[in-house]
Amino acid sequence: VQLQASGGGLVQVGGSLRISCAASGSLFNGNVMAWYRQAPGKTRERVAVIDSDAWIWYANSVKGRFAISREADKNTVYLQMNSLKPEDSGVYYCNAHTPGEGWNSPLGRWGQGTLVTVSS
């Protein structure tokens with residue numbers, strides 16, 4: 001499989017959730033991995049990025065609440081989401097990017113993502 005996100009679900013405000021994305025080796029190895037999300041009626045936005053040296057970037061909206069990590073022997077990237085808010089709801093996707101070439105050209109197909117719903 002190219003990119004398969006999983007682990008989404010329904011969680012209450014203030015709760016936590018960890019989502020995973022299993023990637024094919026050709027996409028994962030040596031590349032930058034990123035998590036995106038798309039809320040209904042909104043454009044897809046990037047929320048977290050990690051490169052193969054564990055350099056990390058977060059969107060301001062999730063900084064201090066979310067943590068991205070990657071596990072090389074499983075070709076998997078994770079997103080630990082804490083202190084969840086209703087505005088964190090949406091479909092979460094992952095994708096890969098070539099190092100040093102920016103984040104505007106994802107390498108993989110988007111897939112179905114995993115749905116996160118935060119209820120108030």
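## Exercises: salt bridges and the disulfide

The side chains of Arg37 and Glu45 form a salt bridge, with an N to O distance of 2.7 Å. A salt bridge here is a side-chain nitrogen of Lys or Arg within 4 Å of a carboxyl oxygen of Asp or Glu. The model is predicted, so local features need pLDDT of at least 70 and side-chain atom pairs count only at pLDDT 80 or more, while totals for chains, interfaces and linings use all residues. Residues are numbered from 1 along each chain as its sequence is written, and side-chain values use heavy atoms, with hydrogens and water left out.

**Exercise 1.** State whether Arg37 and Glu45 are buried, partly exposed or exposed.

*Solution.* Step 1: take the cut-offs, where buried means under 20% relative accessible area, exposed over 50%, and partly exposed in between (1.4 Å probe, protein chains only). Step 2: Arg37 has 5% relative accessibility and is therefore buried. Step 3: Glu45 has a relative accessible area of 34%, so Glu45 is partly exposed.

**Exercise 2.** Find the salt bridges made by Asp88, and locate the partners in the chain.

*Solution.* Step 1: the side chain of Asp88 meets that of Arg37 in a salt bridge at 2.9 Å, N to O. Arg37 belongs to strand β4 (residues 32-38) and Asp88 to the loop between β8 (76-81) and β9 (90-97); this pair links distant parts of the chain, 51 residues apart. Strands (E, at least two residues) are DSSP runs, numbered from the N terminus.

Step 2: the side chains of Asp88 and Arg65 also meet in a salt bridge, at 2.7 Å, N to O. Here Arg65 sits in the loop between β6 (56-58) and β7 (66-71), 23 residues apart from Asp88.

Step 3: check burial. Asp88 is buried because its relative accessibility is 0%, and Arg65 is buried with a relative accessible area of 12%.

Step 4: assemble the pairs. Arg37, Glu45, Arg65 and Asp88 are linked in a network of salt bridges. The structure holds four salt bridges.

**Exercise 3.** Identify the disulfide and say which parts of the chain it ties together.

*Solution.* Step 1: apply the criterion, a pair of cysteine sulfur atoms within 2.5 Å. A search of the whole structure finds one disulfide. Step 2: Cys21 and Cys94 form the disulfide, with their sulfur atoms 1.7 Å apart. Step 3: Cys21 is in strand β3 (residues 17-23) and Cys94 in strand β9, so the pair ties together parts 73 residues apart in sequence. Step 4: both Cys21 and Cys94 are buried.

Notes:
Helix = DSSP H or I, 4+ residues; strand = E, 2+ residues; numbered from the N terminus.
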